[in-house]
Amino acid sequence: MSRKRFKNPGTAQRPINWDLLGSAVRRMPPAYWEKGMMFGGASDREVLKQTAFFPERRRHPSGTHPIYVLDVIECEGIMVCPCSTKGRMAVRYIRPGCCLEITGKVLDRRSYLIEAFRFMLPQDPAFWKSLLFLGKVPEWCLEPVQGP
């Protein structure tokens, strides 16, 4: 693995002007990913390969789940977790109605962060190349899952 592969150019060079790019951003290479970003379209088949357990049941062979960037670890990679509308094993969720930064997209439902199945983003572009950038989740949209 190249040590600079996942380095965020925004911290090493000129900062990225997200306000200028806004909702025009559809796809982006991992070098530009930041903590709190959310991407749609991760293949259930590929996520299952990474987590060995999630998703438990694949209803459709072409099913997908969003992924959430938990952390960008300098020189190591990007830690992500799948998101789901089902809260089993979740500790946090993104509340419905949340307006994502950069794109302005509004989430229409609760999206649970399935952090128990976190994994390092694979370097293989086949995993991340087709992911759609949904936006950056504001901290205030993250809520703890309440006990039973």
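The charged end of Arg 110 sits over the ring of Tyr 93, 3.9 Å from the ring centre. A charge counts as over a ring if NZ of Lys or CZ of Arg is within 6 Å of the ring centre and within 35 degrees of the ring normal. This is a predicted model, where local features need pLDDT of at least 70, side-chain atom pairs count only at pLDDT 80 or more, and totals for chains, interfaces and linings use all residues. Residues are numbered from 1 along each chain as its sequence is written, and side-chain values use heavy atoms, with hydrogens and water left out.

**Aromatic pairs**

- The count comes to 6 aromatic pairs. Rings of Phe, Tyr and Trp (its six-membered ring) pair if their centres lie within 6.5 Å; planes under 30 degrees apart are stacked, over 60 edge-to-face, and the rest tilted.
- The rings of Tyr 93 and Tyr 112 have centres 5.7 Å apart and planes at 55°, so this pair is tilted.
- Tyr 93 belongs to strand 4 (residues 92-94) and Tyr 112 to strand 5 (residues 111-113), so the pair ties together parts that are 19 residues apart in sequence. Helices (H or I, at least four residues) and strands (E, at least two) are DSSP runs, numbered from the N terminus.
- Tyr 93 is buried, at a relative accessible area of 11%. Tyr 112 is buried too, at 14%. Buried means under 20% relative accessible area, exposed over 50%, and partly exposed in between (1.4 Å probe, protein chains only).
- One aromatic cluster is formed by Trp 33, Phe 39 and Phe 133.

**Salt bridges**

- Side chains of opposite charge can pair when their charged atoms come close.
- The structure holds 6 salt bridges. Each joins a side-chain nitrogen of Lys or Arg to a carboxyl oxygen of Asp or Glu within 4 Å.
- Glu 34 bridges to Lys 136, with the closest N and O atoms 2.9 Å apart. This pair links distant parts of the chain, 102 residues apart. Glu 34 is in the loop between helix 2 (18-21) and strand 1 (37-43), while Lys 136 is in strand 7 (residues 132-136). Glu 34 counts as buried, at 18% relative accessibility.
- Arg 95 and Glu 143 meet in another salt bridge, at 4.0 Å from N to O. They too link distant parts of the chain, 48 residues apart. Arg 95 is in the loop between strand 4 and strand 5, and Glu 143 is in strand 8 (residues 142-144). Arg 95 is partly exposed at 25% relative accessibility, and Glu 143 is partly exposed at 27%.
- Arg 118 forms a salt bridge with Glu 115, the closest N and O atoms being 3.5 Å apart. Glu 115 is buried at 15% relative accessibility, whereas Arg 118 is partly exposed at 44%.
- A network of salt bridges links Arg 92, Glu 115 and Arg 118.

**Positive phi in loops**

- Most residues other than glycine have a negative phi.
- Cys 75 has a positive phi, near 65°, and is not a glycine. Cys 75 lies in the loop between strand 2 (64-73) and strand 3 (77-84). With a relative accessible area of 38%, Cys 75 is partly exposed.
- Ile 102 has a positive phi near 80°, also in a residue other than glycine. Ile 102 is placed in the loop between strand 4 and strand 5.
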